[in-house]
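Subject: Structure handover

Hi,

Here is the structure I promised you. Please open it alongside this note. My findings follow below.

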Amino acid sequence: MKGRGARTIEPADLKAVTDDVDAKTRFVIVDAIGVTEHDFVEPPLNREKSISLKKLLDRAAALTLTEDEVATLASRLAALDRQLTSAERNELDEVAGLHDAQATMHDIVRALVDAVDPETQATAIAAEIDRAPADVVQDLLDKAVEPLAANPELRTRIIELRRAKDQVIDEVSRDEVLEAYGVVDPDKAKHTIESWREYLAEHRSEISAIELMFEAKGRGIRFDQIQELADRIARPPRNWTVDIIWNSYLSIGIEYQGHTETRNRHAATDLISLLRLEAGVDDALVPYSDRVEDRYAHWLHRQEQAGATFTETQRWWLDRMMRIIASSAGIDADDLDNAPFDERGGIDGALRDLGDNAGDLIEELNRELAA
C-alpha cells in the first residue's frame, strides 16, 4: 500500500482526473487493524503533524530539531518541492547556493532523509565505536540541518513560497463588513507605498531589477528580472500586484502622465515605471507601454529628419518590434521566429525585408525604446 501510495504522477495527469488539486503532495493509508504499529514498519517522515513549517525552520536555525522534527521537515520540504514551478525551484536552488555553490534543495532534502534513515545511522555508529550512539546520530542531524541554519534568506524564501501555495477555504464563517471606503483607502495606500519603499531598500542588492534601476537607471533590465520582482512581491505576506501599488501612488497624489486609455490597464512591465519613479528618474506615473510608444514616435521622426525612409513592409516589422518591447521590455533575434513575425518568415523574413542591418535595427530599438 505504501508503495502504491508513493508512486509519483505528473501534475497535468493528476489534474486531468482530480481537477481541484495542482500536485500530489501526500497520500493517506487507513490502517483499520494496526499493521503499521509494528516495530518492523519504518515510521513515516511526517511524524510531527501539528508543528508548522515556520517553527521547524526556526528550530533548524537554532540547531534544536529532534530526530522526528528533522524527518518532518524533510517531508514538508519534499511536499513543497512537488508544488513548485521550475522557475520557483531554480530560485530556491540559487538562494541555497549562496552559502554553498554546490547545494540545491534536492541535496538538502536528501541529506535530511539520510540523517533519519536507520541504516545510515547504524553505519555511522559502527564507524565511531568510541562515541555514544546518540552523539553520532545528533552529529548526522546537525550536519544535515546546517545548510538551512546558515542561510536565513533560504528559510525566508521557503516560507514565502509555502504561503503562496497555501489556499485556505473557510466554509463556516459568515462574511461581515470590516471597512467601507472609496476605491482606495488613502491611509492604506500610504502604508502600502511606505512598505514598498522599505522593500526596495531592503532587497536592492538582491533583486536584479531593483539594483539595475537604482544603479544603471533601468538600462539592461530584462523581462525575466521584472517577472522575478512581480512574483516575489505577490507572495504572502505582502500579496502586492502592480495594480495595488500603482493605484496607491495615484491615491496619495502622484501625477499621472500617460494615455487616458491605459490609466487603469497595467502589465508586469509597469513595475519598471514604478521603479523609475522611486529611483528619481521620473516624477510622474507613465505606463511603460505609453513610454515605449512615445519614444518610438520620436525615433521615427528623427529617422525621417535624417533622411531615412521605411516602406510599408518595413514599418510592419518595426511597429511589431516596438509592441514586443512595450510588452516584454526588450526584443532579440530569437523573438522573430515567434508570432506575429513567423507569419512573414521569421528571422529570414526580417533579413529579406529589412536587409542586412536588421540586427542593428533591433539593437537600436532596444537602446532607444527600452527602460
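Start with confidence, as this is a predicted model. Helix α1 (residues 2-5) has the lowest mean pLDDT among the elements of the protein, at 71. Helix α16 (residues 312-328) has the highest, at 96. For the protein, the mean pLDDT is 87. Residues that reach 70 or more make up 90%.

Next, a helix pair. Look at α3 (residues 53-61) and α9 (residues 152-165). Their axes come within 10 Å and cross at roughly 175°. Angles over 145 degrees count as roughly antiparallel, so α3 is roughly antiparallel to α9. On the α3 side, the contact is made by Leu53, Lys54, Leu57 and Ala61. On the α9 side, Arg155, Ile158, Ile159, Arg162 and Arg163 make it. By class, this contact has 5 nonpolar and 4 charged residues, with no polar ones.

Helix α9 also turns up in a pocket lining. This is the second largest pocket, with a volume of about 390 Å³. It is lined by 16 residues. Closest to the pocket centre are Glu91, Glu94, Arg157, Glu228 and Arg232.

Which elements give two or more residues to this lining? They are α5 (86-96), α9 and α12 (223-234). Helix α5 gives the most, with 6 residues. By class, the lining of the second largest pocket has 10 charged, 3 polar and 3 nonpolar residues.

Best wishes

Technical notes. Residues are numbered from 1 along each chain as its sequence is written. This is a predicted model: local features need pLDDT of at least 70, side-chain atom pairs count only at pLDDT 80 or more; totals for chains, interfaces and linings use all residues. Side-chain values use heavy atoms; hydrogens and water are left out. Axes are lines fitted to C-alpha atoms, for helices over the stretch in contact, and angles run from 0 to 180 degrees between N-to-C directions. Helices (H or I, at least four residues) and strands (E, at least two) are DSSP runs, numbered from the N terminus. Angles under 35 degrees count as roughly parallel, over 145 as roughly antiparallel, 65 to 115 as roughly perpendicular and the rest as oblique. Contact means heavy atoms within 4.5 Å. Ala, Val, Leu, Ile, Met, Phe, Trp, Tyr, Cys and Pro count as nonpolar, Asp, Glu, Lys and Arg as charged, and the others, Gly among them, as polar. pLDDT is the predictor's confidence in each residue, from 0 to 100. On a 1 Å grid over the protein atoms alone, a cavity is a set of points where a 1.4 Å probe fits but cannot get out, and a pocket is an open set with protein on both sides within 12 Å along at least five of seven lines; lining residues have an atom within 4 Å of a point. Grid points are joined across faces, edges and corners, and a volume is the space filled by probe spheres set on the points.
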